[in-house]
Amino acid sequence: MIERGVIIAKRWGFTYIFCNDLEKMKWFYSDILQLILIWDDKGSIAFKIGEHQLSIDYNEEFNPPSSKFSIQPGWKGGTEPRIGWSLECDKDNYKKIVNSVLKNDITKYYNKPIWKGYWSFPILDPMNNTIEITCTEKIIH
C-alpha cells in the first residue's frame with residue numbers, strides 16, 4: 001500500500017507533446033519563448049526548462065485542438081478543459097518574450113500583459129497549447 005502524502009518521485013522529468021508541424025514548433029519555442037534546444041532530429045525536438053525537459057514529437061495525423069484557451073484557474077481565463085501550463089521568467093527574460101510575442105502573429109489572451117498579483121500573459125503555441133508567461137517581479141514599463 002502506498003502512503004498518501006509521501007513523495008516517491010524525485011522530479012518531474014519529461015513532458016511529451018505532439019505536433020503536425022515541427023518547424024513551426026521549433027521556431028516558436030526557440031525564437032519566441034527563447035528556450036534552450038537540447039535535441040533536434042527529423043521527428044522530434046526537445047527543450048530544457050529548468051530541470052524539466054519538454055519533448056515535441058512530429059505526427060502527421062496530429063489534429064490540434066481548437067484555438068480556444070485552456071482553463072487555468074490562476075488567471076481565471078480560458079474555456080477549454082484541457083492541459084495548459086505556465087512558464088515563470090525573471091523580468092528581463094519576461095520582457096524579451098513579451099516583445100517577441102507582440103512583434104509576431106502569436107495568439108494572445110490579452111493584448112498586453114496584465115498584473116494579477118504577478119504578470120500574466122497567456123498565449124497559444126502553433127498547436128494551440130495554452131502557455132501562460134509569468135513574472136512575479138515588478139516591472140516598470
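Me: Which residues form one aromatic cluster in this structure?
Reply: This is a predicted model, where local features need pLDDT of at least 70, side-chain atom pairs count only at pLDDT 80 or more, and totals for chains, interfaces and linings use all residues. Residues are numbered from 1 along each chain as its sequence is written, and side-chain values use heavy atoms, leaving out hydrogens and water. The members of the aromatic cluster are F28, Y29 and F47.

Me: Is the pair of F14 and Y16 stacked or edge-to-face?
Reply: The structure holds six aromatic pairs (rings of Phe, Tyr or Trp, its six-membered ring, with centres within 6.5 Å; planes under 30 degrees apart are stacked, over 60 edge-to-face, the rest tilted). The ring centres of F14 and Y16 lie 5.9 Å apart and their planes meet at 15 degrees, so the pair is stacked.

Me: F69 and Y109 also form an aromatic pair; is F69 buried or exposed?
Reply: The F69 and Y109 pair is edge-to-face, with 5.2 Å from centre to centre and 75 degrees between the planes. It links distant parts of the chain, 40 residues apart, since F69 lies in the loop between β4 (52-58) and β5 (84-88) and Y109 in the loop between α2 (91-103) and β6 (114-115); here helices (H or I, at least four residues) and strands (E, at least two) are DSSP runs numbered from the N terminus. Y109 is partly exposed at a relative accessible area of 35%, a class that lies between buried, under 20%, and exposed, over 50% (1.4 Å probe, protein chains only). F69 has a relative accessibility of 8% and therefore counts as buried.

Me: How many residues of β7 are buried?
Reply: Both faces of β7 are covered, with W119, F121 and I123 buried on one side and S120, P122 and L124 buried on the other. The strand is therefore largely enclosed by the rest of the structure, and its buried residues number six of the six.

Me: Which residue in the turn between β7 and β8 has a positive phi?
Reply: On one side, β7 runs antiparallel to β6, to which two bridges join it (strands pair at two DSSP bridges or more); I114 has S120 as its bridge partner, and G117, in a hairpin with three residues between the strands, takes a positive phi near 90 degrees. β7 also pairs with β8 in the antiparallel sense over six bridges, and L124 stands opposite T130. The hairpin of β7 and β8 has five residues between the strands, and the turn residue with a positive phi, about 70 degrees, is N128.

Me: Which residues does Q72 contact beyond its neighbours within four places in sequence?
Reply: Q72 lies in the loop between β4 and β5, and counts as buried at 9% relative accessibility. Leaving its sequence neighbours aside, Q72 is in contact with G77, G84, W85, S86, T130 and E132.

Me: Which residues does P65 touch, not counting those up to four places away in sequence?
Reply: P65 has its place in the loop between β4 and β5 and is partly exposed, with a relative accessible area of 26%. Its C-alpha atom is separated by 11 Å from that of C19, 46 residues apart along the chain. The residues that P65 touches are R82, M127 and N128.

Me: Which are the edge strands of the open sheet?
Reply: Four strands form this sheet in the order β1-β4-β3-β2, with mixed pairing. Four bridges join β2 to β3 in antiparallel fashion, and D40 stands opposite I45. The strands that pair on one side only, and so form the edges by that pattern, are β1 and β2 (36-40).

Key:
Contact means heavy atoms within 4.5 Å.
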